[in-house]
Amino acid sequence: MSQPLTTVAGISFRHPPPLCSFLFVIVLLVATFYTLHHPDATPPHLFSPNTHNSLTLRRLFLSSASNATVSSYLHSLTRHPHLAGTKPSLDTLTYVLTHFQSLRLDDTRVADYEALLSYPTHISVTARFSNNTTVEFDLNDDVSSSSDVVTPYHAYSPSGSAQGSVVFVNHGEERDYRALEMIGVSVRGCLVLARKGETLGRGVIVKIAETQGALGVLIYDENDGGGLGGIERGTVMRGIGDPVSPGWPGVTGGEKLSVDDDRVSRRFPKIPSLPLSLNNAEILLASLGGARAPVEWRSGRVGSSQRVGPGRVVVNMTLQGEMKMKKIHNVVATIRGSEEPDRFVILGNHRDAWTYGAVDPNSGTSALLDIGRRFALLLESGWRPRRTILLCSWDAEEFGMIGSTEWVEEHVLNLGASAVAYLNVDCAVQGSGFFAGATPQLDSVLVDALKLVQDPDDVTLTVEETFKSQNNIIERLSRVDSDFSGFLHHAGIPSIDMYYGADYPVYHTAFDSYDWMIRNADPLFHRHVAMAGIWGLLGIILADEPVLPFDYISYAEQLQAHRDALSKLLEGKVSIDPLSVAIQEFSLVAKEVADEAKKLKEGAYRKNDVAAAARRRELNDRMMLAERGFLDSEGIKGKEWFKHLVYGPAAEPESKLGFFPGITDAIATNSSEGTIKHEIWRVARAIQRASKALKGGFT
């Protein structure tokens with residue numbers, strides 16, 4: 001049963017609050033009393049910058065949570081749709097900026113960029129059936145308030161019309177087209193109808209259809225917006241970041257390529273695509289003739305008697321859109337470190353949304369705002385982080401991680417020299433259950449944070465206990481679906497991505513609203529509070545610990561597991577000895593570093609030990625820089641902007657592994673043995689670079 005809120009001294013707590021809650025309230029009351037009676041004096045501080053009270057500090061951070069406050073943030077952020085580049089999006093910018101400024105953090109700034117964004121002006125889909133009747137489909141979400149929500153569309157889809165018979169292609173994967181070929185069905189000169197699956201993004205679905213000779217693509221989701229009639233919007237642009245400033249920041253007045261430039265045009269599909277409601281898709285499916293669908297396709301709403309076409313129904317789809325240069329706005333708030341102000345722990349979430357964005361992304365924005373509020377309380381009590389913390393609100397993520405990518409491109413050298421870690425939360429709360437992805441050296445610090453946070457759905461357990469029993473798998477971050485991508489895949493920054501709930505049915509629809517959140521995903525905002533607790537604790541730990549809590553033994557073990565999986569896939573056809581040797585060397589260095597870190601942690605809080613502080617700083621830098629070793633200047637073939645050779649997006653949709661993207665791409669394309677060997681050597685050299693960075697020196 002959900003617990004009520006207890007409010008003391010203006011702060012709300014879940015009842016009964018832990019002992020540290022009362023301690024924190026006492027501190028606040030003392031500070032308030034002191035200030036009232038000594039208005040010109042500095043209030044008493046619980047912490048001095050050089051005092052080690054890590055566990056007390058973390059408990060006080062957790063005790064200052066407020067479900068009601070997080071709820072109010074989300075309610076304010078979701079009053080109106082706020083698609084990037086539109087006037088309503090400026091309201092959320094002002095809200096976030098004003099909030100951070102009101103906290104009187106050390107610095108709060110807006111970083112502006114110019115980017116090419118894509119909007120619809122006219123959309124229609126008309127079907128003509130075998131009895132000569134014609135139906136024009138309603139392409140809006142089934143919601144009365146949809147007039148102020150952008151029409152469902154695919155950003156960066158080319159304008160134009162396409163007309164033809166319809167062919168159902170299941171999930172639109174390469175293997176689905178091979179299955180159609182086996183039963184004598186071609187999509188050349190036709191429109192294809194695909195149902196969203198778990199493997200391919202909409203952009204890849206369109207790309208494959210284009211290579212198969214289709215004229216246009218219609219994509220539907222069997223979730224139907226949770227049965228509400230929602231339609232999923234999204235981008236179909238290839239790659240991430242502003243398309244007209246590829247590889248450099250889209251600063252105002254900077255270089256912009258023409259849309260006709262090949263470096264730009266190749267990122268956009270050549271055939272139009274549109275999202276379709278489940279109801280409209282079922283009308284088309286019921287009207288198809290031709291061969292019966294393969295047996296393995298007959299699941300969900302498709303049915304056992306489904307035909308794949310073509311024939312019996314002809315569809316005309318029309319999309320008129322416009323691409324505009326728009327200003328986008330990131331907000332960056334700074335809490336300057338006391339001892340290592342030139343080392344940065346970065347917490348980030350995007351702010352823009354296709355519609356109201358209650359789940360995606362403003363559940364995360366609300367958590368970020370509350371972390372800022374709680375950090376401000378700690379600062380007033382005397383805390384000051386050892387390293388600098390940045391709280392970042394990104395813009396235009398939905399168009400292709402544009403805001404964060406432009407910021408990374410502008411600051412890539414400084415990030416490479418000084419970024420400790422990037423902590424990302426996009427959809428903080430989608431439903432129940434904690435999920436996370438991370439680079440392996442951050443696994444243990446993530447688990448440590450989970451141990452300190454009460455589970456939002458079972459007050460007798462910690463999040464770590466429920467995570468261990470329900471999932472206990474920390475994923476790896478090869479996917480490209482949120483703002484961690486630029487930090488990890490391009491700049492080599494150790495990263496974490498976290499969320500509550502595996503998925504949710506109103507994704508990118510007009511039903512992603514505050515009302516849906518309080519009715520379905522988190523009525524009392526307990527999960528929001530838990531996520532803010534985990535996220536903020538990670539920031540505190542990584543910013544405060546004298547020796548960075550990075551575990552490279554875990555990374556070595558993960559690399560060994562990846563090597564074993566690759567060996568199984570190759571079945572001995574190609575030698576992986578270079579990889580094995582490099583990983584063995586990395587494992588030895590990781591153990592040496594773990595021993596060194598253990599020794600340096602002893603006495604880490606002794607004052608005036610300048611030599612020990614210098615040794616800690618040097619070790620921390622080596623651990624921070626090791627991830628950069630996995631970068632390769634040439635990048636992944638076909639996706640050269642992505643530099644990370646261990647974790648990165650595969651260029652080929654049917655690559656079998658979620659790591660070593662260059663190797664698995666070479667295998668998926670049936671490349672020569674020499675090409676596969678070369679990719680193995682590239683990864684081996686990357687691991688060797690990481691080993692040398694971790695070891696330090698030049699021997």
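Let's start at a loop: Asn 472 sits between helix 14 (463-470) and helix 15 (484-490). Keep in mind that this is a predicted model. Asn 472 has a phi near 65°, a positive value in a residue other than glycine.

Another residue with a positive phi is Ala 396, at about 55°, and Ala 396 is not a glycine either. You'll find Ala 396 in the loop between strand 13 (387-394) and helix 11 (402-410). Its relative accessible area is 0%, so Ala 396 is buried.

While we're on the backbone, have a look at two prolines. Most peptide bonds are trans. The bond from Asp 360 to Pro 361, however, is cis, with omega near 10°. Pro 361 belongs to the loop between strand 12 (340-350) and helix 10 (362-380). Gly 309 and Pro 310 are also joined by a cis peptide bond, here with omega at about -5°. Pro 310 falls in the loop between helix 9 (278-287) and strand 11 (313-335).

Asp 360 turns up again in the next stop, a cavity: Asp 360 is one of the residues that line the largest cavity. Rolling a probe the size of a water molecule over the atoms shows where empty space is left. Counting cavities of 30 Å³ or more gives 1, and the largest cavity holds about 30 Å³ of space. Which residues line the largest cavity? Along with Asp 360, they are Ala 353, Trp 354, Thr 355, Gly 357, Glu 398, His 508, Thr 509 and Asp 512. Sorted by class, the lining has 2 nonpolar, 4 polar and 3 charged residues.

Now step back to the whole chain. The protein is divided into three pieces: domain 1 (53-115 + 325-544), domain 2 (117-321) and domain 3 (552-695). Between the C-alpha centres of domain 1 and domain 2 there are 32 Å. Domain 1 gives 35 residues to the contact between the two, and domain 2 gives 40 residues.

Finally, let's follow the charges. The model has 37 salt bridges. In one of them, the side chains of Arg 58 and Glu 545 meet at 2.6 Å, N to O.

Asp 564 is partly exposed, at 44% relative accessibility. Then there is Asp 632, which pairs with Arg 689 at 3.8 Å, N to O. Asp 632 is in the loop between helix 20 (610-625) and helix 21 (661-668), while Arg 689 is in helix 22 (residues 673-695), so this pair links parts 57 residues apart in sequence. Asp 632 counts as buried at 12% relative accessibility, whereas Arg 689 is partly exposed at 32%. Elsewhere, salt bridges that share partners join Glu 340, Asp 342, Arg 343, Arg 387, Arg 617 and Asp 621 into one network.

Terms used:
Residues numbered from 1 in each chain as written. Predicted model: local features only at pLDDT ≥ 70, side-chain atom pairs only at ≥ 80, totals over all residues. Heavy atoms only, no water. Salt bridge = Lys/Arg side-chain N within 4 Å of Asp/Glu carboxyl O. Buried < 20%, exposed > 50% of the residue type's maximum accessible area, 1.4 Å probe, protein only. Helix = DSSP H or I, 4+ residues; strand = E, 2+ residues; numbered from the N terminus. 1 Å grid on protein atoms, 1.4 Å probe; cavity = no way out; pocket = protein on both sides within 12 Å on 5 of 7 lines; lining within 4 Å. Points joined across faces, edges and corners; volume = space filled by probe spheres on them. Nonpolar A, V, L, I, M, F, W, Y, C, P; charged D, E, K, R; others polar. Domains from an automatic or database assignment. Contact = heavy atoms within 4.5 Å.
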